[in-house]
Amino acid sequence: MKGTDIRLSLSPSYVLEDNPSQVGSNRTGLGEMFASSENLSMYKKNYKVESPFIVSECDKTITEESSLVKQQRSHTTKSPFSCLKCGKLFKLKQRLEKHERTHTGEKTYPCSECEKCFTQKANLVQHLRTHTREKPFPCPECGKFFSQKSNLDKHQRIHTGNKQFSCPECEKCFTEKATLVKHQRIHTGERPFSCPECEKCFTDKSTLVKHQRIHTGERPFSCPECEKCFTDKSTLVKHLKIHTGVRPFSCSECGDFFKRKSHLADHQRTHTGEKPFPCPECGKCFIQKSNLDKHQKIHSGEKPFSCPECEKCFTEKSTLVNHQRIHTGEKPFPCPECGKCFTGKSTLVRHLRIHTEVKPHSCPECGKYFNHKSALVIHLRIHTGEKPYSCS
């Protein structure tokens, strides 16, 4: 009633034992008097109790009753919120709501830069760092920076040597459980991720995502030097070496330099004659796996790349691109020595051997060297006596 003193009353759950250090200070607000109910309501609205809850399990001090409930659940196994779709249990309602978005596909957090959407705000925050290039998590050992703390935690295992996840089949050890799970698919042959366009299957989701860019044409990784775009980051990193001109890998046989270690390994087989990749159809062997993959399309008859001008079909996209230059007349690869231009890079590389006198293809019989592999193949017939061309 207006004009009558009203005493603040807190529920028993808000009452703490008197703190001797607060005696006489009335810091808890208990016993405070008000002249009207309006004043009492205003006081309750702005009133903050100092440390009203102490959780007995961890001695943590909580200022709000809702936070107390959450904290108490962290010490119990009780999970009162269940997903109606899959039955998974959660201790907090907010986590259930986040989980339910995995079933509904709802993505309520859009990126202001690229309009990509996310189911959780935390994922959006991490994604934004791809635009800002912010890397707030440094490694205390080597100083390398990371955009996510989880990536830093994984990286630090390199320094500690902690590989706690071992394969029961081959006993190979890994720093992460996810990497072990992927590895085990080598033994089981499992490929759980299939492409909805061509039904090709993959062992992990990241490889599927890269593969799907073949169908969508998406190339999200662009070179800052020439603006050429790529489907994955690793290919961009390799491409950047073209602009820097760095060739750190040299051949001990002929002294030729290469930008990538894998290219050096492939090149060295031209000296050793090793061909570790056999075709399961005809038994023909190849120096590189990529060459085997190209060759196998001969048996399957697959030619997925067609020319829009003459409808000629090709097994590889790069061959189609080179072919289209016949129609356009484009020759984008000039020789730095004599200025002669070529439609394909591989043709330029072969031409450059005229100027450098590099002969990477050697005969295993007599040791003679040749500029081109085709010349070596013709030469080998001298030793084998093969005469494959007959007069009709």
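Predicted model: local features only at pLDDT ≥ 70, side-chain atom pairs only at ≥ 80, totals over all residues.

**Charged pairs along the helices**

Modeller: Happy to. The side chains of Asp153 and Lys149 join in a salt bridge, with 3.6 Å from N to O. In general, side chains of opposite charge can pair when their charged atoms come close.

How much of this pair is open to the outside? Asp153 has a relative accessible area of 32%, so Asp153 is partly exposed. Lys149 has a relative accessibility of 48%, and therefore Lys149 also counts as partly exposed.

A salt bridge links the side chains of Asp293 and Lys289, at 3.6 Å from N to O. Asp293 is partly exposed because its relative accessible area is 34%. Lys289, at 49% relative accessibility, is counted as partly exposed.

Helix H9 (residues 261–272) carries a pair as well: Arg269 and Asp266 are three residues apart there, which means that about one helical turn separates them. Arg269 and Asp266 form a salt bridge, and their closest N and O atoms are 2.9 Å apart. Are these two partners buried or exposed? Both Arg269 and Asp266 are buried. In the whole structure there are five salt bridges, and the ones described here are among them.

A patch of positive charge is made up of Arg219, Lys228, Arg247, Lys317 and Lys345. Arg219 belongs to the loop between helix H7 (205–216) and strand S15 (221–222). Its relative accessibility is 40%, so Arg219 counts as partly exposed.

Helix H11 (residues 317–328) contains His323. At 10% relative accessibility, His323 falls under the 20% limit, and so His323 counts as buried. Which residues does His323 touch, apart from its neighbours within four places in sequence? Its contacts are Cys307, Cys310, Lys312 and Phe314.

In helix H12 (residues 345–356) you will find Leu352. Leu352 has 25% relative accessibility and therefore counts as partly exposed. If residues up to four places away in sequence are set aside, Leu352 touches Cys335 and Pro336. To place Leu352 relative to another residue, take Asn371: the two are 19 residues apart in sequence, and their C-alpha atoms are 9.6 Å apart in space.

Most residues other than glycine have a negative phi. Glu171, however, has a positive phi near 65° and is not a glycine. Where is Glu171 found? Glu171 sits in the loop between strand S11 (165–166) and strand S12 (173–174). With a relative accessible area of 65%, Glu171 is exposed.

Glu311 also has a positive phi, of about 65°, without being a glycine. The loop that holds Glu311 runs between strand S21 (305–306) and strand S22 (313–314). The relative accessible area of Glu311 is 65%, so Glu311 is exposed.

Finally, step back to the chain as a whole. How many helices and strands does the protein chain have? The protein chain has 13 helices and 26 strands. Of its 392 residues, 21% are buried. The accessible surface of the protein chain is about 28300 Å², and carbon and sulfur atoms account for 51% of that surface. Among the contacts in the protein chain with a separation of 6 or more, 9% join residues 24 or more positions apart.

Terms used:
Residues numbered from 1 in each chain as written. Heavy atoms only, no water. Patch = residues over 30% accessible without salt bridge, like charges linked within 9 Å, V, L, I, M, F, W, Y side chains within 5 Å. Areas by Shrake-Rupley, 256 points an atom, 1.4 Å probe, with all protein chains shown as cover. Salt bridge = Lys/Arg side-chain N within 4 Å of Asp/Glu carboxyl O. Lys, Arg positive; Asp, Glu negative; His and termini not counted. Charge placed at Lys NZ, Arg CZ, Asp CG, Glu CD. Helix = DSSP H or I, 4+ residues; strand = E, 2+ residues; numbered from the N terminus. Buried < 20%, exposed > 50% of the residue type's maximum accessible area, 1.4 Å probe, protein only. Contact = heavy atoms within 4.5 Å.
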